[in-house]
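Reader: I would like a close look at one part of this model, the surroundings of the ligand. Please then connect that part to the sheets and helices of the fold.

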Amino acid sequence: MTQPLIELKNVSRRFQVKRNTFITAVSDVSLQIAPGEVVCLVGESGCGKTTTGKMIAGLLAPSEGQILFEGQDVTGLKGAAWERYRLGVQMVHQDPYASLNPTQTIFDILAAPLQRHRALRGADLRAGVVDVLESVDLTPAVDFLDKFPHQLSGGQRQRVSVARALTVNPKFIIADEAVSMVDVSIRISLLNTLLQLKERNGLAVLFITHDLALAKYFAWEGRVGVMYLGKLAEIAPARQLVEAPQHPYTRVLLSAIPEADPERTRHKQRIELRSMDVPSLLRLPSGCAFHPRCPFYMGDVCKTSVPALTLRGDQTWVSCHLPPSA
Ligand code: SF4
């Protein structure tokens, strides 16, 4: 890999939930993302994917470990260097209703960062707003300029959120469950817009989702990382992960995805968990945290020894004691 755009080195994040009580939401995560790369982080609620995204965006500081942006540790950044990093990494949140100011028109929402960061004024400012609206497929753009967020559909609002992120010319966009609150019918079109932006602007994208089917669609040319209780269980190129999943949790998730062909779905063998209960972050299981639910549980080794994330083959990283499978 060329110099990573973003690098996480053994990053952990703890939160205090009560006096003397802490949970570790993210534990010892290491990850590199190249310029222009697409990576999906997938996992169930509470697995640490959003906390990881917020740390990468500079919205939360790690409790341990380092985050590097273009080779520089972001912890010590100040002034112009800090601003360059914060503008370079933009986050699009799950809820477009909450993230847009309801009292401002779409023009005002997009004009403010264009004035501040690109020094656009007058006709150039208007052209800049039209340009970012068109880049997220809100056309004809002039129809949207004087509207307020409540006059748009959920999908259109989310496109405005993406447009706002683009106003500062970022190098990296983190889309946190960015399509989960819009109608199923327009999810794919919104994902396609993000993929086109990645191609057109050379953006790297981290897509965070609980839905492995969406991750598979979005990151088919990139990588998918599966998180479980704060740790990376597996990370691999999407095709490899789908065709030869290594971690038992990945296998369970994949076995539950319906196929396009209903006949194949009917005959697909589901891999069942040993338990449906997700352990609490307050009382993490010993050894491999997945062991109380793992269908491939191997006894003492799983119960007592934490598996390290290790490289299998060229690009697949897995944290599991099971021997590699084909
Ligand atoms: Fe399952 Fe053991 Fe692998 Fe954990 S280490 S995922 S319990 S086989």
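Author: In this predicted model, the shell around the ligand has 8 nonpolar residues, 3 polar residues and no charged ones. The members of this shell are His247, Pro248, Cys288, Phe290, His291, Cys294, Phe296, Cys302, Cys320, His321 and Leu322. As for its location, the ligand sits in the largest cavity.

One member of the shell leads on to the fold. Pro248 is among the residues around the ligand, and helix H10 covers residues 248-255. The sheet that belongs to this part of the description is open and has 8 strands, in the order S6-S7-S8-S3-S9-S10-S12-S11, with mixed pairing. Its edges are strand S6 (89-92) and strand S11 (310-312); each has a single partner strand, so one side of each is left without a neighbour in the sheet. On average, and with direction ignored, neighbouring strands of this sheet are turned by 20 degrees against each other.

Within this sheet, strand S3 (residues 38-42) and strand S9 (residues 223-228) run parallel and are joined by 4 bridges. Cys40 has Val224 in S9 as its bridge partner. Helix H2 (residues 79-88) packs on it and touches S6 and strand S7 (172-176), with a direction about 40 degrees from that of S6. Helix H10 also packs on the sheet, where it touches S9 and strand S10 (231-237); the direction of H10 makes about 105 degrees with that of S9.

A further open sheet is formed by 4 strands in the order S2-S1-S4-S5, with antiparallel pairing. Strand S2 (21-33) and strand S5 (72-73) are its edge strands, and each pairs on one side only. Strand S1 (residues 6-18) pairs with strand S4 (residues 64-69) over 5 bridges, in the antiparallel sense. Ser12 has Glu64 in S4 as its bridge partner. Helix H1 (residues 49-56) lies across S1, S2 and S4, and runs at about 120 degrees to S1.

Most residues other than glycine have a negative phi, and most peptide bonds are trans. Glu70, in the loop between S4 and S5, has a positive phi, near 50 degrees. The peptide bond that joins Thr139 and Pro140 is cis, with omega about -10 degrees. Pro140 is located in the loop between helix H5 (122-135) and helix H6 (154-166).

Definitions and conventions:
Residues numbered from 1 in each chain as written. Predicted model: local features only at pLDDT ≥ 70, side-chain atom pairs only at ≥ 80, totals over all residues. Heavy atoms only, no water. Near = heavy atom within 4 Å. 1 Å grid on protein atoms, 1.4 Å probe; cavity = no way out; pocket = protein on both sides within 12 Å on 5 of 7 lines; lining within 4 Å. Sits in = over half its atoms within 2 Å of the grid points. Nonpolar A, V, L, I, M, F, W, Y, C, P; charged D, E, K, R; others polar. Pairing = 2+ DSSP bridges. Helix = DSSP H or I, 4+ residues; strand = E, 2+ residues; numbered from the N terminus. Axes fitted to C-alpha atoms, helices over the stretch in contact; angles between N-to-C directions. Contact = heavy atoms within 4.5 Å.
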